[in-house]
Amino acid sequence: MARPILKYPDKRLRLPAKPIEQIDGRIKRLGEELIEALAYAGGLGLAAPQLGEGLRLILIDLPESPELILVNPVLVEADHENEVPFNEGCLSLPGVEAEVWRPDHVLVRAWTLEEKEVEMEREGLAARVLLHELDHLDGILFFDHLGPAKRKLLLKEYERVSRDEEASREGEGRGGKPGL
Ligand code: ZN
């Protein structure tokens, strides 16, 4: 059973994650749990804090490339001269998205679960997903990149979507299904 993904406004999403000191069985297990949770929810990436684990571990799973688990990833370089807009969402705020501007080109350094140091240069969608997941390690959520008016609008919409979602769940309960 996949671990549940924390939903905003869970406070744990706002805490900076701690560096991983040793890649042991617990970290490898957490890597598997990230894979399970992302496969269940469907998405391109997931960070350990979204499972309530305050550790610097992220998963990137882009179409047509093998899934990538990165330990203690660090942003070495980002091309802020070339920021591009893209409609972004987050598994911790299901049901809403917004146009976020981010650098189109990044250089990231990290460790793999096999304790190999890797440096990767990425563009486009891969750069965006890396930046989004790196943000999670610092307690930053995608709407933090929006101006105040757009952010307010997005959070209002999120509130509405979450309420509707809850109401439909309660509706199911009244339909006589066993409460599990
Ligand atoms: Zn996210």
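Author: The account below begins at the metal site and then turns to the pockets, the strands and the salt bridges.

The model is predicted. In it, the zinc ion is coordinated by three side-chain atoms: SG of Cys90, NE2 of His132 and NE2 of His136, at 2.0 to 2.3 Å. Along the sequence, these donor residues follow the spacing C-x41-H-x3-H. Cysteine 90 belongs to the loop between S4 and strand S5 (98-103), while histidine 136 belongs to helix H2, so the pair ties together parts of the chain that are 46 residues apart in sequence. Cysteine 90 counts as buried because its relative accessibility is 8%, under the 20% limit for that class. Histidine 136 has a relative accessibility of 1% and therefore also counts as buried.

Strand S4 (83-88) and helix H2 (124-137) each contribute at least two residues to the lining of the second largest pocket. Helix H2 gives the largest share, five residues. By class, this lining consists of nine nonpolar, eight polar and four charged residues.

The largest pocket has a volume of about 550 Å³. Of its 18 lining residues, Ile5, Lys7, Pro94, Glu165 and Arg169 are the closest to the centre. Helix H1 (25-41) and helix H3 (148-174) are the elements that give two or more residues to this lining. The largest share, six residues, comes from H3. The lining of the largest pocket has 12 nonpolar residues, one polar residue and five charged residues.

Glutamate 165 and arginine 169 form a salt bridge, with their closest N and O atoms 3.8 Å apart. Both lie in helix H3, and because they are four residues apart there, about one helical turn separates them. Glutamate 165 has a relative accessibility of 44% and therefore counts as partly exposed. Arginine 169, at a relative accessible area of 48%, is likewise partly exposed.

Helix H3 holds another such pair. Aspartate 164 forms a salt bridge with arginine 160, and the closest N and O atoms are 3.8 Å apart. These two residues are also four apart in helix H3, so about one helical turn lies between them. Aspartate 164 is partly exposed, with a relative accessible area of 44%, and arginine 160 is partly exposed, with 42%.

The side chains of aspartate 138 and arginine 56 meet at 3.0 Å, N to O. This pair links distant parts of the chain, 82 residues apart: aspartate 138 is in the loop between H2 and H3, and arginine 56 is in the loop between strand S1 (45-47) and strand S2 (57-60). Aspartate 138 counts as partly exposed, at 41% relative accessibility, whereas arginine 56 is buried, with a relative accessible area of 16%. In total, the structure holds 14 salt bridges. Arg3, Arg29, Glu32, Glu33, Glu36 and Glu53 are linked in a network of them.

Strand S3 (residues 68-78) and strand S6 (residues 105-111) run antiparallel and are joined by five bridges. Within this pairing, alanine 78 has valine 106 in S6 as its bridge partner. Strand S6 also pairs in the antiparallel sense with strand S7 (residues 117-123), over seven bridges. Histidine 105 stands opposite glutamate 123 in S7. S6 and S7 form a hairpin with five residues between them, and glutamate 115 in the turn has a positive phi of about 60°.

Notes
Residues are numbered from 1 along each chain as its sequence is written. This is a predicted model: local features need pLDDT of at least 70, side-chain atom pairs count only at pLDDT 80 or more; totals for chains, interfaces and linings use all residues. Side-chain values use heavy atoms; hydrogens and water are left out. On a 1 Å grid over the protein atoms alone, a cavity is a set of points where a 1.4 Å probe fits but cannot get out, and a pocket is an open set with protein on both sides within 12 Å along at least five of seven lines; lining residues have an atom within 4 Å of a point. Grid points are joined across faces, edges and corners, and a volume is the space filled by probe spheres set on the points. Ala, Val, Leu, Ile, Met, Phe, Trp, Tyr, Cys and Pro count as nonpolar, Asp, Glu, Lys and Arg as charged, and the others, Gly among them, as polar. Donors are N, O and S atoms within 2.8 Å of the metal (3.2 Å for Na, K and Ca); water is not among the atoms, so sites may look incomplete. Buried means under 20% relative accessible area, exposed over 50%, partly exposed in between (1.4 Å probe, protein chains only). Two strands pair if DSSP finds at least two bridges between them. A salt bridge is a side-chain nitrogen of Lys or Arg within 4 Å of a carboxyl oxygen of Asp or Glu.
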